[in-house]
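Please find below a short note for a colleague who is new to this entry. The points follow the display.

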Amino acid sequence: MPIQTSVVNKDTRFRDIIVETIGPEIFDCYQCSKCSAGCPVSFSMDILPHQMIRSVLFNQQEKVLAANTIWTCASCETCTTRCPNDIDIAKVMDVLRQLQQESGRPSTVPKVSQFHAAFLGAIQKNGRVHELSMMQDFSLKSGDLKEKLKTGGWKNDVKLGLKMFLRGKLKLLPHKCRAVADVRKIFNQAKEHKKA
Amino acid sequence: MKVSFFPGCSLEGTAREYGESIEAVCKNLDIDLEELPDWNCCGASSAHCTNEFLSVALPARNLALAEESRQDLVTPCAACFSRLKTAEKALAEEKDIDLGVSFRGDINILHILELFCRDELTDHIEQQVTKPLAGLKTVCYYGCLLVRPPKIVAARHWEDPHTLDRLMTALGAESIHWPYKTECCGGSMVLTNTDIFHHLIGRILDMAIEAGAECIVTACPLCMANLDTREEELSEAKGTNYNLPVFYFTELMGLAFGDQDAGTWFNRHIVDPTPLLKAKGLL
């Protein structure tokens, strides 16, 4: 990627947030592309991991948060593991996902945040994730069910669900752990933290 | 030996046979698993993708509970393991956030595979083998979070791990060396990015078959679910016919130990492994 100095945004507030969480190692990136070479899902990304790091350093907030990269990243940690400069690239992706969700702007792959919302909602409700109700919640709220009713994809889901049920792999009722009050307190603290 | 046990959410549902086989194997090895009382979900990927505080505070509560018992904490799920280890590191570094829990770091946090690989258990495991898995060709699939990032999970060999391979060899199976030991199964993308997910599991299955494996061995509920439950769907999407059995490694331990309940674990699989095991004279 040729360096175009004209694209460097002088306002460093965006980069500062990321440096604060990740550490100053991010400045050591010399664009070796090892992260992108080892990434198992790079084929699906519009901006490759090493390019994302460069863009972060250039303060290109709009470009980075609009990339589908943050939503197709599988959090497999290969990039972080192999980076010769100790940059926690997977965590950069985490921070970018967090910032994108906080921004309230629509995501390029909305299903991913909808899944996370359903998953965290399940924890908040019972302290633990009850797989069946979490899946139902995700399916309804993300429009996944609607889509599958149109395409006929629901048939496969029903077939697999039935197989799992018959094999005793679907727990029908959630287990509410007694710690649910503690867990909800953690969620409230997390909200406060975000505001701060 | 007594340890605290953090089962994780899937052991009550989709990974039921993992829980059942762990219980049986630990009984054989005189390991007393004491379930952590009132444990909560570790937050998995959804917490670290959404909120930094949540991603540490949720597992940290479990760490504090475990430390009260003064026993090492063992978990069978690679994702839970990764989140618990990440929280351990964050608490040790005392990042500016007050998590409201006290954790001194006096206990060890282990994935259950690591527990079985401890020196004092290696001989014990070999002695328990009454039905060696002779002739069973396996590939060991470690996935991502059991070994990465090594700075967090303290893996000694992260590109080419061999703890599970050694265990399979000790059980009498043939463990084939293959290059996709630590490839990614896609995790929760099974629900959110189906095309990418199919690509990822397709290449794992193809490579296992190319390597000459008759089955895949896993140590993670999500890896297992993503492979075992989706072979039929992938076959339809690609016009192929995948039928490669996938096992939790503890199921194969139980089988080799001659456990009478092994059949019920295998009956829970979507890809039926019994024809393979019968052909090898193991069932």
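1. How much accessible surface does chain B have, and what share of it belongs to carbon and sulfur atoms? The accessible surface of chain B is about 10500 Å², with 47% belonging to carbon and sulfur atoms; accessible areas come from the Shrake-Rupley method with a 1.4 Å probe, and for residues only the protein chains shown count as cover.

2. This is a predicted model, in which local features need pLDDT of at least 70, side-chain atom pairs count only at pLDDT 80 or more, and totals for chains, interfaces and linings use all residues. Residues are numbered from 1 along each chain as its sequence is written, chains are lettered from A and ligands numbered from 1 in the order in which they are written, and side-chain values use heavy atoms, leaving out hydrogens and water.

3. Chain B contains 15 helices and 8 strands (DSSP runs, H or I of at least four residues for helices and E of at least two for strands, numbered from the N terminus). The C-alpha trace of chain B spans about 55 × 45 × 30 Å along its principal axes.

4. In chain B, 64% of the 283 residues are buried, that is, under 20% relative accessible area (1.4 Å probe, protein chains only).

5. Chain A has 12 helices and 0 strands. Along the principal axes, its C-alpha atoms fill a box of roughly 60 × 40 × 30 Å. Of the 196 residues of chain A, 47% are buried.

6. Chain A exposes about 10300 Å², and carbon and sulfur atoms supply 56% of this area.

Conventions: Buried < 20%, exposed > 50% of the residue type's maximum accessible area, 1.4 Å probe, protein only.
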